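Q: I would like to learn how to read a few features of a protein model, one at a time. Can we go through them with the structure in view?

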Amino acid sequence: MTSTITLAEALATGPVVLDGGMSNQLESAGHDLSDELWSARLLAERPEAITEAHLAYFEAGADVAITSSYQATFEGFAKRGIGPERAAELLALSVELAREAARQAQGRGVTRPLWVAASVGPYGAMLADGSEYRGRYGLSVDELERFHRPRLEVLAGARPDVLALETVPDADEAEALLRAVRGLGVPAWLSYSVTGERTRAGQPLEEAFALAADADEVIAVGVNCCAPQDVEGAVEIAARVTGKPVVVYPNSGEAWDAEARAWNGRSSFTPEEVLGWHASGAGLIGGCCRVGPDAVAGIARALKP
């Protein structure tokens, strides 16, 4: 642990700032992410680039770095000829790279507590066909649990401060993830990808959030990788249904074209919005795709003037 207090303890005392999008920060540094492994490819090829991306967010004001393991799975690595032993090393490395960035940030004068969240993306992220924005993969809860558990075990063994069960499009997958984190000894947050007041798969958020209400491992619930305008309503529902701290980190407002593998439209995200989200009950706040260090710096200034 990089901090002397836990993330859960910090959330009980005031807002905590998350980082922004890993992929856009890597792309802005000139790295090509146009393959199925996305930013996870750089775990093997350019790990120092990932550390630099994390460091940029810590220096901008983020308190939490989310690792580059979102699209890192045993199955995805196997498609690239990477065996299970090396895949496990790369998953663990994702946590260590974020830890190294925190050490470097503290060496450069950052004195606030810093934490590392190990990203656990949905099954659809491994498929890399846009189904992470739809859910309904045709798999049972048991099958999804068997898919997620080995990766979670490796990430938990690397001792992050929290497991980020993120961009979950489907309540069935959330149920599988909640089963899979039991007994790992690492807290988690659960974050859905949503449209309006429903999951991407169409389930009401009241039902989706209720799955985590009694899960002791879950220290926060909320939404990410959604449009900024979908945040405030989701915050209210998450807080009311679960009584837990709420995590939010939306996209910039641009839309992802899975077929073209490109972002379209204009950014509608403004750091000033976070004050409304915080007032509605969000305590762990940052950005997802297309939200960079400048925006995270704005979030930090808004929440911690």
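Q: Where is cysteine 225 found?
A: This is a predicted model. Cysteine 225 sits in the loop between strand E8 (218-224) and helix H11 (231-242).

Q: How many aromatic pairs does the structure hold, and how do I read one?
A: A pair of aromatic rings is described by the distance of the centres and the angle of the planes. The structure holds 4 such pairs. In one of them, the ring centres of tryptophan 189 and tyrosine 249 are 6.0 Å apart and the planes stand at 80°, so the pair is edge-to-face. The cut-off for that label is an angle over 60 degrees.

Q: Which parts of the chain does the pair of tryptophan 189 and tyrosine 249 tie together?
A: Tryptophan 189 is in strand E5 (residues 188-192) and tyrosine 249 is in strand E9 (residues 246-249), so the pair ties together parts that are 60 residues apart in sequence. Both tryptophan 189 and tyrosine 249 are buried.

Q: What are the distance and the angle for tyrosine 192 and phenylalanine 209?
A: The rings of tyrosine 192 and phenylalanine 209 lie 5.6 Å centre to centre with 75° between the planes, and this aromatic pair is edge-to-face. Tyrosine 192 is in strand E5 and phenylalanine 209 is in helix H10 (residues 205-210), so the pair links parts of the chain 17 residues apart. The relative accessible area of tyrosine 192 is 0%, which makes it buried. Phenylalanine 209 also counts as buried, at 0% relative accessibility.

Q: Which residues do ring pairs link into a cluster?
A: The cluster consists of Tyr123, Tyr137 and Phe147, linked by ring pairs.

Q: What does the side chain of glutamine 203 reach?
A: The side chain of glutamine 203 reaches the backbone nitrogen of alanine 171 at 3.2 Å. A polar contact of 2.8 Å also joins the side chains of glutamine 203 and aspartate 170. Leaving out residues up to four places away in sequence, glutamine 203 touches Arg136, Pro169, Asp170, Ala171, Asp172, Glu197 and Arg198.

Q: How do I read the packing of helices H12 and H13?
A: Two packed helices are described by the angle between their axes and the distance between the axes. The axes of helix H12 (residues 273-280) and helix H13 (residues 293-303) come within 9 Å and cross at roughly 50°. H12 and H13 are therefore oblique to each other. The crossing of H12 past H13 is right-handed. Val274, Leu275 and His278 in H12 meet Ile299, Ala302 and Leu303 in H13.

Q: How many residues of H13 are buried, and what do they pack against?
A: H13 is mostly covered, with 8 of its 11 residues buried. Among the buried residues are Pro293, Val296, Ile299 and Leu303. The buried residues of H13 pack against strand E1 (16-17), helix H2 (22-28), helix H4 (47-60), H12 and strand E12 (282-285).

Q: Which residues is alanine 302 in contact with?
A: Alanine 302 is found in helix H13. Neighbours within four places in sequence aside, alanine 302 is in contact with Pro271, Val274 and Leu275.

Q: At what angle do H4 and helix H6 pack?
A: H4 and helix H6 (residues 84-107) pack at about 50°, with their axes 8 Å apart. That angle makes H4 oblique to H6. The contact includes Ile50, Leu55 and Phe58 of H4 and Leu93, Leu97 and Ala101 of H6. H4 passes H6 in a right-handed crossing.

Note on methods: Residues numbered from 1 in each chain as written. Predicted model: local features only at pLDDT ≥ 70, side-chain atom pairs only at ≥ 80, totals over all residues. Heavy atoms only, no water. Phe/Tyr/Trp six-rings, centres within 6.5 Å; stacked < 30°, edge-to-face > 60°. Helix = DSSP H or I, 4+ residues; strand = E, 2+ residues; numbered from the N terminus. Buried < 20%, exposed > 50% of the residue type's maximum accessible area, 1.4 Å probe, protein only. Polar contact = N/O pair within 3.5 Å; in protein donor to acceptor, adjacent residues only side chain to side chain. Contact = heavy atoms within 4.5 Å. Axes fitted to C-alpha atoms, helices over the stretch in contact; angles between N-to-C directions. Parallel < 35°, antiparallel > 145°, perpendicular 65-115°, else oblique. Left-handed = near helix turned anticlockwise from the far one by under 90°.
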